[in-house]
Amino acid sequence: MKIRAATTDDVDAVIALRIESEAWLHSAGIQQWVDRARGVRNIRDGIAAGNTYVVEHESTVVASLTLAGPDPDFWTDADIPSSALYLYKFMIGSPHRGTGLGSRLLDWACDQARQRQKLWLRLDCWRENKALQRYYMQHGFQHVRTVVVAGRGSGALFQRPVLAPQPSHPLQQASRR
Ligand SMILES: CC(C)(COP(=O)(O)OP(=O)(O)OC[C@H]1O[C@@H](n2cnc3c(N)ncnc32)[C@H](O)[C@@H]1OP(=O)(O)O)[C@@H](O)C(=O)NCCC(=O)NCCS
């Protein structure tokens, strides 16, 4: 398996992952990712911006994630948004779920954050989806807070430290001020 930046040639494959995830979520009665048009728009934007990555296995895209800046609906100045990298659209195709790939990808995303001099990998997820929140906590994330924003189902905010805090790190000093 290899992970690489997605290109416009991957748009259809990433949208297919999204549609498969939607079907799985909805058949499990989980009201998440109900707005396909918005989801597809976000996928196209993420790939065009160079923020989306895909995992390839035997020339097939089997997973995808996007690493980008903060969603201003959720993260405030007090969070020092620049101290983190933000994970979006984390998806693994059903044949590869439960294989440990998710855990490896979260470690990889954390390492990307570290390489970009960040202290945290952060994400927002569905407020009502306690099972998904448990998943992230089992993978090293801490609950920051849950916020309600009109028109958004998401708002449970989590972060995972990239490494043990270094007192000399400029963002660490900023967060103490
Ligand atoms: C989230 C995801 C990438 C994790 O992949 P993974 O590391 O291989 O882990 P699994 O798929 O085995 O899931 C682990 C557990 O979390 C649960 N889970 C995963 N995504 C979930 C979701 N969106 N809502 C509720 N439960 C979820 C699984 O049912 C499983 O529960 P179990 O241990 O009781 O069987 C993958 O499940 C996925 O693509 N989910 C659909 C898309 C999604 O919801 N992405 C997160 C957006 S914030």
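Analyst: A residue is called buried when its relative accessible area is under 20%, exposed when that value is over 50%, and partly exposed in between. By that cut-off arginine 18 is buried, because its relative accessible area is 2%. The model discussed here is a predicted one, and every value below is computed from it. Arginine 18 sits in helix α1, and α1, which spans residues 11-27, is one of the elements that supply at least two residues each to the shell around the ligand. Leaving aside residues up to four places away in sequence, arginine 18 touches Trp33, Val34, Asp35, Arg36, Gly39, Ile43, Lys89 and Met91.

The ligand itself is surrounded by 17 residues, and the closest of them are Phe90, Ile92, Gly98, Asn129 and Tyr135. Besides α1, strand β4 (84-92) and helix α4 (130-138) each give at least two residues to this shell, and α4 provides the largest share, with 4 residues. Sorted by class, the shell holds 11 nonpolar, 5 polar and 1 charged residues.

A nitrogen atom of the ligand lies 2.7 Å from an N or O atom in the side chain of asparagine 129. An oxygen atom of the ligand is found 2.9 Å from a polar backbone atom of isoleucine 92, and for glutamine 32 the distance from an N or O atom of the side chain to an oxygen atom of the ligand is 3.1 Å. On its own the ligand has 840 Å² of accessible area, of which the protein covers 73%.

Strand β4 also contains lysine 89, one of the residues that arginine 18 touches. The phi angle of lysine 89 is near 50°, a positive value in a residue that is not glycine. Most residues other than glycine have a negative phi. A second case is glutamine 117, with a positive phi of about 65° although this residue is not a glycine. Glutamine 117 belongs to the loop between α3 (101-115) and β5 (120-126), and this residue is classed as exposed because its relative accessible area is 53%.

With a relative accessibility of 34%, arginine 38 counts as partly exposed. From arginine 38 to serine 94 there are 56 residues in sequence, and the distance in space between their C-alpha atoms is 22 Å.

Beyond helix α4, the loop that leads from α4 to β6 (142-146) carries histidine 139. The C-alpha atoms of histidine 139 and serine 103 are 6.9 Å apart in space, although 36 residues separate the two in sequence. When residues up to four places away in sequence are set aside, histidine 139 touches Ser103, Leu106 and Arg160.

Glutamine 159 is in strand β7, which covers residues 154-161. This glutamine is buried, given its relative accessible area of 11%. Its side chain makes a polar contact of 2.9 Å with the side chain of arginine 122. Beyond residues up to four places away in sequence, glutamine 159 touches Trp120, Leu121, Arg122, Gly140, Phe141, Gln142 and Val144.

These positions belong to a protein with 5 helices and 7 strands, which follow one another along the sequence in the pattern β-α-α-β-β-β-α-β-α-β-β-α. The radius of gyration is 16 Å, close to the 16 Å that the globule rule gives for 177 residues, so the protein is as compact as a globular protein of that length. Taken along the principal axes, the C-alpha atoms fill a box of roughly 45 × 35 × 30 Å. Among contacts between residues at least 6 apart in sequence, 65% join residues at least 24 apart. Buried residues account for 45% of the 177 residues, and the protein exposes about 9,300 Å², of which carbon and sulfur atoms supply 52%.

How values were computed:
Residues numbered from 1 in each chain as written. Predicted model: local features only at pLDDT ≥ 70, side-chain atom pairs only at ≥ 80, totals over all residues. Heavy atoms only, no water. Near = heavy atom within 4 Å. Polar contact = N/O pair within 3.5 Å; in protein donor to acceptor, adjacent residues only side chain to side chain. Areas by Shrake-Rupley, 256 points an atom, 1.4 Å probe, with all protein chains shown as cover. Nonpolar A, V, L, I, M, F, W, Y, C, P; charged D, E, K, R; others polar. Buried < 20%, exposed > 50% of the residue type's maximum accessible area, 1.4 Å probe, protein only. Contact = heavy atoms within 4.5 Å. Rg over C-alpha atoms; globule rule 2.2 N^0.38 Å.
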